[in-house]
Amino acid sequence: MSYTYERLSDDIKVAVTEDHTFGTDAVLLAYFAGVKRKDKAMDMGTGCGIIPLLWLRDKAQSTVHCLDIQENAIEQVNASVAYNGLQERLVPHCCDLREIQAHFAAGSFTLVTMNPPYKPLNTGIESLGDSARIARHEVCCSIEDAVKAASYLLNWGGRFCMCHRPERLVDALTVMRQHQLEPKRLRFVCDKAGEAPFLFLVEGKKGAKPFLITEPDLLLKNGDNKFSEEMLAVYGSYADGYEDKVR
């Protein structure tokens, strides 16, 4: 397999292909999750591994795990691991999160993230390629599948962070509460001020009491149609050297 390597920092590059690349949603989720250096973190449905690789730009970050059901995705993550010399810091797993109990002990992680497929089956125009179809449609993973797996993986007080489309907000919050992941933080993402959100970011805490904080909207662009100051912080070192694209 031939990969293109895209720079995330001076030390980290990510292997991308047409089947497994990444978009703004994943970068926003990595930022929103606020991984701590001592977290035992797992990224589910990792694709090209963008979320753990963004975290590992911090050289003091503890070892991160990721999983995906697609073998070609895990092969691609392994290519990034080898390219960046991350063999001791990033552990990919090829497994089906619907069978998570066969692969991990309960309560093994303090943080779980997922950028799940957004489209229910039999809705919209389904992608032609198998990899893209699995990534974009709920073929192998529904919201409930993701939440159930995250709840199993997390210890008491552990955090689950997910992004999704606003029309699925009620579905997500309902299922999270049903599986002991109490929604604690919610943030909407808009292209510009005054526009309707196109994405939400939510954090649930295992076993927490009800109390939801709605944070200010995250705006991608300012009034000059350039990336906002917060978006430059979101991109971090990924923005360095790409002033023509992000500024």
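Helices (H or I, at least four residues) and strands (E, at least two) are DSSP runs, numbered from the N terminus. The model is a predicted one, in which local features need pLDDT of at least 70 and side-chain atom pairs count only at pLDDT 80 or more, while totals for chains, interfaces and linings use all residues. Residues are numbered from 1 along each chain as its sequence is written, and side-chain values use heavy atoms, with hydrogens and water left out.

**Chain and helix α1**

The protein chain holds 8 helices and 11 strands. Of its 247 residues, 50% are buried; buried means under 20% relative accessible area, exposed over 50%, and partly exposed in between (1.4 Å probe, protein chains only). Contact means heavy atoms within 4.5 Å. Among contacts between residues at least 6 apart in sequence, 69% join residues at least 24 apart.

Helix α1 spans residues 24-33 and is mostly covered, with 8 of its 10 residues buried. Those buried include Asp-25, Val-27, Leu-28, Leu-29 and Phe-32. After α1 comes Gly-34, which has a positive phi near 55 degrees.

**Loop residues**

Lys-40 sits in the loop between α1 and β3 (41-44). Lys-40 counts as exposed because its relative accessibility is 52%. Between the C-alpha atoms of Lys-40 and Thr-110 the distance is 5.2 Å, although the two are 70 residues apart in sequence. Leaving aside residues up to four places away in sequence, Lys-40 touches Ser-108, Phe-109, Thr-110 and Leu-111.

Gln-180 has a positive phi, near 65 degrees, in a residue other than glycine. Gln-180 lies in the loop between α6 and β8 (181-190), and counts as partly exposed at 45% relative accessibility. Asn-225, also not glycine, has a positive phi near 65 degrees. The loop that holds Asn-225 runs between β11 (218-219) and α7 (229-235); Asn-225 is partly exposed, with a relative accessible area of 44%.

**Packing of α5 and α6**

Two packed helices are described by the angle between their axes and the distance between the axes. The axes of α5 (residues 143-153) and α6 (residues 169-178) come within 9 Å and cross at roughly 35 degrees. Axes here are lines fitted to C-alpha atoms, for helices over the stretch in contact, with angles from 0 to 180 degrees between N-to-C directions. The crossing of α5 past α6 is right-handed, that is, the near helix is turned clockwise from the far one by less than a right angle. On α5 the contact is made by Ile-143, Glu-144 and Val-147, and on α6 by Asp-171, Ala-172, Val-175 and Met-176. By class, this contact has 5 nonpolar, no polar and 2 charged residues. Ala, Val, Leu, Ile, Met, Phe, Trp, Tyr, Cys and Pro count as nonpolar, Asp, Glu, Lys and Arg as charged, and the others, Gly among them, as polar.

**Pocket and cavity**

On a 1 Å grid over the protein atoms alone, a cavity is a set of points where a 1.4 Å probe fits but cannot get out, and a pocket is an open set with protein on both sides within 12 Å along at least five of seven lines; lining residues have an atom within 4 Å of a point. The structure holds 1 cavity of 30 Å³ or more.

| Space | Volume | Lining by class |
|---|---|---|
| Second largest pocket | about 170 Å³ | 4 nonpolar, 2 polar, 4 charged |
| Largest cavity | about 30 Å³ | 2 nonpolar, 4 polar, 2 charged |

Residues lining the pocket include Arg-98, Glu-99, Asp-145 and Lys-148. Among those lining the cavity are Met-1, Tyr-3, Asp-19 and Glu-75.

Terms used:
Points joined across faces, edges and corners; volume = space filled by probe spheres on them.
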